[in-house]
Amino acid sequence: MLYMRYLNDPTLCMDSYQDDESINFDSLRERIKLPQTKRRLPQCLIIGVRKGGTRALLEFLNIHPMIQRSTDEIHFFDNERKYNMGLEWYRQQMPYSFADQITVEKSPAYFITEGAPERIRAMNESIRLLLIVREPVTRLISDYSQLAANKAKKDKFIRPFRDLVLREDGKINTDYRAVRVSMYSLYIKMWLSIFHRDQILIINGDRMIQDPYPVIYKIEQFLGLEHRVGRENFFYNKTKGFYCVRNYTVYKCLNESKGRKHPTIDPELISKLRQFYSSFNHEFYSLARQDFGWPDE
Ligand SMILES: Nc1ncnc2c1ncn2[C@@H]1O[C@H](COP(=O)(O)OS(=O)(=O)O)[C@@H](OP(=O)(O)O)[C@H]1O
């Protein structure tokens with residue numbers, strides 16, 4: 001009965017980064033299927049951007065009792081093999097939910113994948129999309145830090161940031177994927193050609209780091225949800241240097257792969273990168289109908 005209450009009230013579930021002593025609600029939900037629940041295709045997707053704060057956003061949203069989220073990134077719409085397994089396979093990857101709950105999945109690669117918007121529209125043309133972006137140079141450095149950390153784990157050689165982002169002639173190396181991902185205007189165009197602007201909420205990831213509460217409040221409105229996530233659900237953890245979440249049972253921060261220390265980059269190179277992104281940024285503001293105010297140099 002106690003578990004029934006926990007399972008019925010997902011405000012009590014902050015399961016993706018639970019420690020060993022806590023109850024793992026995701027796995028419990030998998031084992032105890034409540035009557036009236038079933039796996040449903042997502043009605044809301046976090047489409048990106050990589051290193052924008054997608055995991056924090058998903059976990060913050062998961063505090064809401066009317067939201068159920070897929071803990072894993074499914075990569076259904078950006079992976080041919082998975083896409084060919086069909087929508088029924090995708091549905092099976094989703095958590096159990098009640099009919100009035102909203103299922104959310106996040107895979108940051110969707111944002112940059114050609115064809116993903118068409119595939120998503122074919123699943124649900126009235127889907128709600130969340131895109132969280134960060135200042136493009138910060139995002140690039142974050143992306144590099146992740147790739148460097150992965151190489152370090154495998155004892156592989158890590159090329160310096162400068163060598164990857166600059167070509168031999170000193171121009172910005174747009175062949176480097178991490179550089180390209182921050183050229184947001186290129187990708188938002190393909191989404192806006194498929195979806196109505198009102199179906200996409202674009203979130204400022206740098207602001208969410210400073211104060212997650214208003215961001216989640218806005219998303220509650222966007223998704224037509226009752227306001228249920230309060231300021232009291234967030235607390236700033238000095239050691240982590242980021243906001244973490246709490247409710248009746250949980251007091252948790254994202255794991256160490258989120259909020260990595262970034263390498264120090266030569267300010268001249270930062271300035272050069274900002275200049276490079278400037279025209280893409282202004283085009284993005286105009287398409288997004290939102291001025292993010294990112295520095296032009
Ligand atoms: N509350 C909270 N806790 C920890 N980290 C936070 C939080 N809010 C935003 N962020 C930022 O999220 C960055 C990782 O972004 P993603 O989760 O989108 O990364 S990924 O694309 O899924 O790998 C991560 O980037 P790095 O700082 O480079 O690690 C964080 O800056």
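Start with the ligand: 24 residues surround it, and the closest are Thr-54, Ser-142, Tyr-243, Gly-259 and His-262 (a residue is near a molecule if one of its heavy atoms lies within 4 Å of it). This is a predicted model, where local features need pLDDT of at least 70, side-chain atom pairs count only at pLDDT 80 or more, and totals for chains, interfaces and linings use all residues. Residues are numbered from 1 along each chain as its sequence is written, and side-chain values use heavy atoms, with hydrogens and water left out.

Now for the polar contacts, meaning pairs of N or O atoms within 3.5 Å. A backbone N or O atom of Tyr-243 sits 2.8 Å from a ligand nitrogen. Lys-258 brings a polar side-chain atom to 3.0 Å from a ligand oxygen, while Arg-260 has a polar backbone atom 2.9 Å from an oxygen of the ligand. Taken alone, the ligand exposes 650 Å², and the protein buries 96% of that (areas come from the Shrake-Rupley method with a 1.4 Å probe).

Next, look for the open sheet of 5 parallel strands, in the order β3-β5-β2-β6-β7. Strands here are DSSP runs of E with at least two residues, helices are runs of H or I with at least four, and both are numbered from the N terminus; two strands pair if DSSP finds at least two bridges between them. At the edges are β3 (67-69) and β7 (200-204), each pairing on one side only. From one strand to the next, the twist averages 25° (axes are lines fitted to C-alpha atoms, for helices over the stretch in contact, and angles run from 0 to 180 degrees between N-to-C directions). Strand β3 runs parallel to β5 (residues 102-106), joined by 3 bridges, and Gln-68 has Thr-103 in β5 as its bridge partner. Helix α3 (residues 54-61) packs on this sheet, touching β2, β3, β5, β6 and β7, and its direction makes about 160° with that of β2. Contact here means heavy atoms within 4.5 Å.

There's another open sheet, an antiparallel one of 3 strands in the order β8-β9-β10. β8 (234-237) and β10 (251-252) each have a single partner strand, so one side of each is left without a neighbour in the sheet. Strand β9 (residues 242-246) pairs with β10 over 2 bridges, and Arg-246 has Tyr-251 as its bridge partner in β10.

How far can you trust all this? The chain's mean pLDDT (the predictor's confidence in each residue, from 0 to 100) is 91, and 89% of its residues reach 70 or more. Over residues 1-22, though, the pLDDT is below 50. For the complex, the predictor gives an ipTM of 0.99 and a pTM of 0.91.

How values were computed:
A polar contact is a pair of N or O atoms within 3.5 Å; within protein, one must be able to donate a hydrogen and the other to accept it, and residues adjacent in sequence count only if both atoms are side-chain atoms.
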